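Open the structure in your viewer and keep the selection panel at hand.

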Amino acid sequence: MDNLNSLLDGFAAILTPGNLLIALIGVTIGTAVGMLPGLGTAMAIALLLPITYGMEPTQAFIMFGGIFYGGMYGGSTTAILLNTPGQSSSVVTVLEGFKMAKNGRGGQALATAAIGSFVAGTIATVALVFVTPITVDFAIGLGAPEYFAIMVLALVATASVLGSSRIRGFASLLVGLVIGTIGIDAVTGQQRLTYGMPELANGIDIVVVAVGAFAVGEALWTAARRRNGKDEIVPVGRVWMGRGDWRRSWGPWLRGSALGFPFGAVPAGGAEVPTFLSYVTERRLSKHKSEFGNGAIEGVAGPEAANNASAAGTLVPMLALGLPCNATAAVMLAAFQTYGIQPGPLLFEQESALVWTLIAGLFVGNAMLLVLNMPLIPVWVKLLRIPKPYLFAGILFFASMGAYATSGQAFELYVLLALGLLGLGMRRFGIPMLPMIVGVILGPMAERQARMSLQLSGGDLSGLVGGPVAWTVYGIIAVIALWPLAMLVRRRAVRDREAVAAG
Amino acid sequence: MTGAEHEATANGAAEDAAAADGDAAAAVPKRDLAQLWVCAFLAVLGVLVIVDAARLGGFSASNDPIGPKPVPIILGVLLFAVAAFYAIDALRGGHGEDGGAHAGERFDVRTVALLCAVFVANALLIDWLGWVISGSLLFWGAAIVLGSRRYFLTLAAAVVLGLATFYGFAIGLGLGLPAGVLQGIL
């Protein structure tokens, strides 16, 4: 009951005209940036972070909550109308969504995505209210070795479970860890990897990393492929759903939410697996199996709900453990840190008002999005018609402004360009971006926990292993690490058996 | 910084390689050897990390038994390992998330270089000319490089954006943007 009272207080805090306006600005910017191909919510928050330095933390987080949900609405629109998944979690939406748009049912696809996102967002946020305090109770008993183990799990899992190629995931992760190491070592005060550049002593800001890799990288990537054809935008009709569409959508929405949230709440569960599972489930349960592959509404409704629910789920480890498992959570964590707030089990005690306002902000932003976006989607679609030169010139303009403002030094702009080139290379070679972003923020945290554990054990390496929780987590890491090996052995065995059978 | 230079050269050279075996790529569509530049980048990064770690004093204190040294050394070793496995994967025809969709694609180095030049110009000029002028030049230059041909309209849009962001964010929200030569005028 305590939590519900706190949540009501959060609602009371948010329902002032000023805060509602900030939430409105947040959802608007979130939708706009989420729609732009290749950018997404993490970048929207990263870009806005310097701008919010002048605001109260509460207001800044109301805005971030709006951007968070707004970005997901925007992403699904791009996936359905442009046939380009903005992020790997909307890959499945593209399958049926774009087909529906081509068949002239774009309006229905967008509507089921928008309402599904609202339903899933609401269910997942309610789940967040109940699950996070339980996680906090569990986390409060954890010591440095356990934290270290969980962080290693998050790092290994982001690099190897998500995405299609482990080796590229690990390459991306290592680059992120190296970037995170740059700067003055927090314990001894020694400079690492600065190579004599005083500007690097404070390390590279996560904002600069995210904006550089996503925004500048995307602009350079567009430049590199300037003559490689154009994107095709499918026109939308009116955004509405008939009775038949409703009947076919509500089941997938609920099942998608139920699949998505747990995956999001587990460190590095991600949105890819639940969206795919939801798609497969809906195809199996559907009475219109033949429509799958040609634009079945269930194939949009389910995965979109799963996507949103899992995104809300990632806030559980972020708030309760201080553990970011997607790029957006990583940037939000950085935002907490700039305000001198450390997410983790103590957050709910120390910054109770702030957290509950943030959660209330998620509810409000979600509702605003539904009211705003259903009638306004055709207007948003016009955003996709901005000519690319202006769009990317504008993105570079705002990226430079944000990066410069993080420290007021032109040096940040060179770092931004360097990371943009890195992002360009990663796009060219299909290397996932997420492990790098998570590595930058989680790497230094993991190192601090490891050194703290060793300090407690007096330098004895057994101090890293700790109690049963740490053992369990290392067991999971071992399974993840050995899984491909097991599959290889199995495949070999099958092949041998076939060879024997053939011989 | 150094890392970026390597990446930049890697990209430039990767383009050459891709152009050189454009025909070969058509014949053997499964291998994208430009990926070896990524391995080279990872290996060079590994060298940089280890060289820097070797320089660190390996002292330990009672409150910090291992010191700042082990983590970069572990990272360096892992970078070499990943570079090696990546190279094997690339040689065996492995692809990234895009399934190697961009392997044989034309890579427009000239536009990328010009865009970088515009970007660097902003970095060089921002403290002297101030955000309004350098930011406007950035927008204008980037739009032209990316293919806009309406020079005056773009310039007008750029100046409006520069002024609007300066008044809105720097003066309105207290964001640290420099006024530069226009100090006192704005």
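Select B:I133 to begin. In this predicted model, B:I133 has 20 other C-beta atoms within 10 Å; the cut-off for a buried residue is 20 or more, so B:I133 counts as buried. The residue sits in helix α6 of chain B. Leaving out residues up to four places away in sequence, select what B:I133 touches: B:G180 and B:L182.

Next, show where the two chains meet. On the chain B side, 66 residues are in contact with 65 residues of chain A. Colour chain B by element: α1 (2-20), α3 (36-55), α4 (70-91), α5 (109-129), α6 (131-145) and α7 (151-172) each give two or more residues to the side that touches chain A. Which of the elements gives the most to this side? It is α5(B), with ten residues.

Now select the largest nonpolar core, a set of 221 residues. Those with the most contacts inside this core are A:I45, A:A210, A:V211, A:V331, A:L396, A:I437 and B:A142. Helix α5 of chain A, residues 91-139, gives the most to the core, with 20 residues.

Apart from neighbours within four places in sequence, A:A210 is in contact with A:A42, A:M43, A:A46, A:A327, A:V331 and A:I437.

Move to helix α7 of chain A, residues 166-181. The 16 residues of α7(A) reach 22 Å from the first C-alpha to the last, close to the 22 Å expected at 1.5 Å a residue. Is α7(A) mostly covered or mostly open? It is mostly covered, since 16 of its 16 residues are buried. After α7(A) comes A:G183, where phi is positive, near 120 degrees.

Finally, zoom out to chain A as a whole. It has 19 helices and two strands. The radius of gyration of chain A is 23 Å, close to the 23 Å that the globule rule gives for 503 residues, so chain A is as compact as a globular protein of that length. Along the principal axes, its C-alpha atoms fill a box of roughly 75 × 65 × 60 Å. Of the 503 residues, 61% count as buried. Among contacts in chain A with a separation of 6 or more, 80% come from residues 24 or more positions apart.

Notes. Residues numbered from 1 in each chain as written. Chains lettered and ligands numbered in written order. Predicted model: local features only at pLDDT ≥ 70, side-chain atom pairs only at ≥ 80, totals over all residues. Contact = placed C-beta atoms within 7 Å. Helix = DSSP H or I, 4+ residues; strand = E, 2+ residues; numbered from the N terminus. Core = buried A, V, L, I, M, F, W, Y, C linked by C-beta atoms within 7 Å. Buried ≥ 20, exposed ≤ 12 C-beta atoms within 10 Å, placed from the backbone. Rg over C-alpha atoms; globule rule 2.2 N^0.38 Å. Expected span 1.5 Å × (residues − 1).
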